[in-house]
Amino acid sequence: MKHYDVVALGELLIDFAPHSVNEAGYPVLSANPGGAPGNFLAALTKYGCRTAMIGKVGDDAFGKALVKTLEDAGIDARGIRIDPNVFTTLAFVSLDASGNRDFSFARKPGADTCLTPEEVDEELIADAKVFHFGTLSLTDEPAAGATRHAIELAKRHGALISLDPNLRKPLWKREEDAREAIEWSLHQADIVKISDEEIDWLWGFSPEEGAEKLLREYGASLVYATLGPKGCYAANGTNRVTVQSPSGIHVVDTTGAGDIFGGSATSQFIRCKKTPADLTETELRRIVSFACTAASLSTQTHGGIASVPEYSDVTRKMEE
């Protein structure tokens with residue numbers, strides 16, 4: 001019996017989001033814990049799953065705060081390495097009028113890119129039902145090697161592989177490198193959460209065509225193709241569902257919404273105690289409805305980890 005439902009590897013960082021503007025016209029920023037895998041695990045943990053994270057932070061105030069944030073959220077942080085030689089990674093978020101965000105990163109290098117293969121905790125991975133990663137940990141060595149090593153370990157120990165490509169173009173030296181890494185990653189994964197924008201960027205396909213391609217050509221067994229505020233198209237080998245996001249949501253900040261969708265969906269998938277391919281249409285629809293609702297509610301407040309809504313709020317909104 002495996003102890004952890006999900007173990008994730010990847011970036012743990014501080015998101016600086018604009019709060020207001022000072023007299024000189026500069027943004028006043030508020031610091032929030034961030035990094036897609038941390039947001040993903042926060043949703044899982046809030047919805048009753050046992051989780052752990054593997055990654056690296058600096059031996060600085062932000063690094064220590066991030067480790068404490070994980071622990072406070074109920075995520076096992078023993079796989080986080082603290083490195084005195086590098087700073088914790090920082091991301092600066094700018095928001096437009098509708099709450100959509102743009103990122104710039106202080107990461108030359110950031111601690112998250114400095115995780116080595118030797119620092120990956122094999123015991124954690126061996127004890128996980130699902131291993132989750134994103135492609136931000138493939139932008140630079142040695143973290144890229146650590147990620148590939150972790151995926152090999154996860155496969156060896158029989159874990160399902162979960163992927164969110166999470167394309168962030170500014171973090172890649174060349175777009176071709178991003179494309180190559182994402183293509184490679186998609187071939188590793190059993191469960192893929194991918195956005196309509198990422199599908200269009202990769203292949204020029206519709207979300208439905210992209211999901212079918214992943215099932216047919218890449219070996220995925222469950223695909224969530226998210227449609228931004230419109231909801232999600234999801235498919236496994238036998239069933240297809242399209243679910244709309246709930247209405248009446250006042251969007252403040254979309255940071256982390258995709259990660260919260262992924263973590264929420266995975267939490268409900270784990271509850272089913274089935275393989276991805278065996279989910280019925282009813283189960284798939286409920287998983288996606290729950291995830292769309294949780295992600296939508298999360299946009300009503302700032303930040304990622306802190307914005308995961310309560311389970312009761314999600315189910316109440318679903319009943320509406």
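An open sheet of 9 strands, with mixed pairing, runs in the order β5-β4-β1-β8-β9-β10-β11-β12-β13. Helices (H or I, at least four residues) and strands (E, at least two) are DSSP runs, numbered from the N terminus, and two strands pair if DSSP finds at least two bridges between them. The structure is a predicted model, in which local features need pLDDT of at least 70 and side-chain atom pairs count only at pLDDT 80 or more, while totals for chains, interfaces and linings use all residues. Residues are numbered from 1 along each chain as its sequence is written, and side-chain values use heavy atoms, with hydrogens and water left out.

At the edges of the sheet stand β5 (76-83) and β13 (240-244), each of which pairs on one side only. From one strand to the next, the twist averages 15°; for such values, axes are lines fitted to C-alpha atoms (for helices over the stretch in contact), and angles run from 0 to 180 degrees between N-to-C directions.

Strand β1 (residues 4-9) pairs with β8 in the parallel sense over 4 bridges, and Y4 has A128 of β8 as its bridge partner. Strand β9 (residues 160-164) also pairs with β8 in the parallel sense, over 5 bridges; here G134 is partnered by D164 in β9. Elsewhere in the sheet, strand β12 (residues 231-236) and β13 pair in the antiparallel sense over 5 bridges, and A235 stands opposite R240 in β13.

Helix α2 (residues 61-72) lies across β4 (51-58) and β5, running at about 175° to β5. Helix α7 lies across β10 (191-195), β11 (222-226), β12 and β13, at about 30° to β12.

Helix α7 (residues 207-217) also meets helix α6 (residues 196-203): their axes come within 9 Å and cross at roughly 70°. The two helices are therefore roughly perpendicular to each other (angles under 35 degrees count as roughly parallel, over 145 as roughly antiparallel, 65 to 115 as roughly perpendicular and the rest as oblique). D196, I199 and W203 of α6 make the contact with P207, G210, A211, K213 and L214 of α7, contact meaning heavy atoms within 4.5 Å. These residues divide into 5 nonpolar, 1 polar and 2 charged; Ala, Val, Leu, Ile, Met, Phe, Trp, Tyr, Cys and Pro count as nonpolar, Asp, Glu, Lys and Arg as charged, and the others, Gly among them, as polar.

A nonpolar core is a set of buried Ala, Val, Leu, Ile, Met, Phe, Trp, Tyr and Cys residues joined through side-chain atoms within 4.5 Å. The largest has 47 residues, of which L41, L70, I80, Y224, F261, F269 and V288 touch the most other members. Helix α9 (residues 281-298) supplies the largest share of this core, 9 residues. Neighbours within four places in sequence aside, V288 is in contact with Y224, C232, A234, V241, V243 and F261. A second, separate core of 44 residues includes L124, A178, W203 and A220.

Finally, A126 lies in helix α3 (residues 122-126) and is partly exposed, with a relative accessible area of 26%. Not counting residues up to four places away in sequence, A126 touches K2 and H157.

Note on methods. Buried means under 20% relative accessible area, exposed over 50%, partly exposed in between (1.4 Å probe, protein chains only).
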